[in-house]
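Dear colleague,

Please find below the structure that I am handing over to you.

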Amino acid sequence: MEQGNYESIDEKRTESAPVSSKVDAMSDMPDPQAVSNEVRVEFDDIFREPQGGSASSLPQVFNISQMVYTYTTSIVYKIFSTLFSVVLSFFWGLTFAMLAFMTVWMINPGIRAFYIGINLFSGLYHTWIVLFCEPFYRACGLVFSRMSANFYFKPLPASIKEV
């Protein structure tokens, strides 16, 4: 056996094994892509007692509490996954299948039809502007460009200033 600091026998097995068996070992893991890391909550992540002082329990009580927590979370998770995993797998499979179906057969064609309609409307809008609005606004611009105005400041009379 090789000498080394290994945390578990499985880690040693996968580290010294060829690449193909590493892939097989990864596929045996429940979460090879580490999608559910945020739900891995250990006892030490939640309960921390200060070192020394009067606010700490007996080490035996703390160890028993940690063991009870670990077994309880394990057993409750196994019970719930046994009871609900098949039903929830069906539900989420159905949900994602419906989303995929709607995306392929409804949403993407709808977006494509919308862009085709917008393209047609944009051509009609451009024609309307060039034929009707642009000549009218050019004529108004020519009429109003010939006008001029002079503004000047005239001081207010003294009788208005006092009021």
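Is glutamate 134 buried, partly exposed or exposed? The model before you is predicted, and in it glutamate 134 has a relative accessible area of 33%, so this residue is partly exposed.

Glutamate 134 also takes part in a charged contact. Its side chain meets that of arginine 138 in a salt bridge, with a distance of 3.1 Å from N to O. Side chains of opposite charge can pair when their charged atoms come close. Arginine 138 and glutamate 134 are separated by about one helical turn, because they stand four residues apart in helix H4. Arginine 138 has a relative accessible area of 57% and is exposed. A search of the whole structure finds one salt bridge.

As to the overall fold, the protein chain contains five helices and zero strands. Along the sequence this gives the pattern α-α-α-α-α. The protein chain has 163 residues, of which 4% count as buried. Its accessible surface comes to about 15300 Å², and carbon and sulfur atoms account for 67% of that area.

Helix H4 deserves a separate paragraph. H4 covers residues 59–145. At 1.5 Å a residue, a straight helix of 87 residues would span 129 Å, yet the end C-alpha atoms of H4 are only 93 Å apart. A bend of about 50° is found in H4 at phenylalanine 84.

The aromatic residues come next. The structure holds seven aromatic pairs. One of them joins phenylalanine 80 and phenylalanine 84: the ring centres are 5.8 Å apart and the planes lie at 20°, so the pair is stacked. Both residues belong to helix H4, where they are four residues apart, about one turn of the helix. Phenylalanine 80 is partly exposed, with a relative accessible area of 47%. Phenylalanine 84, the residue at which H4 bends, is likewise partly exposed, at 40% relative accessibility.

Phenylalanine 136 and tyrosine 137 form an edge-to-face aromatic pair, with 5.4 Å from centre to centre and 65° between the planes. Tyrosine 137 is exposed, and its relative accessible area is 57%.

Finally, the cysteines. How many disulfides does the structure contain? The count comes to zero disulfides, where a disulfide would need a pair of cysteine sulfur atoms within 2.5 Å. Cysteine 133 has a relative accessibility of 18% and therefore counts as buried, since buried means under 20% relative accessible area. Cysteine 140, with a relative accessible area of 25%, is partly exposed.

In brief, the predicted model has five helices and zero strands, with H4 bending by about 50° at phenylalanine 84. The contacts described above include the salt bridge of arginine 138 with glutamate 134 and the stacked pair of phenylalanine 80 with phenylalanine 84.

With kind regards

Note on methods: Residues numbered from 1 in each chain as written. Predicted model: local features only at pLDDT ≥ 70, side-chain atom pairs only at ≥ 80, totals over all residues. Heavy atoms only, no water. Buried < 20%, exposed > 50% of the residue type's maximum accessible area, 1.4 Å probe, protein only. Phe/Tyr/Trp six-rings, centres within 6.5 Å; stacked < 30°, edge-to-face > 60°. Helix = DSSP H or I, 4+ residues; strand = E, 2+ residues; numbered from the N terminus. Areas by Shrake-Rupley, 256 points an atom, 1.4 Å probe, with all protein chains shown as cover. Salt bridge = Lys/Arg side-chain N within 4 Å of Asp/Glu carboxyl O. Expected span 1.5 Å × (residues − 1). Bend = angle between axes of the 7 residues up to and from the residue.
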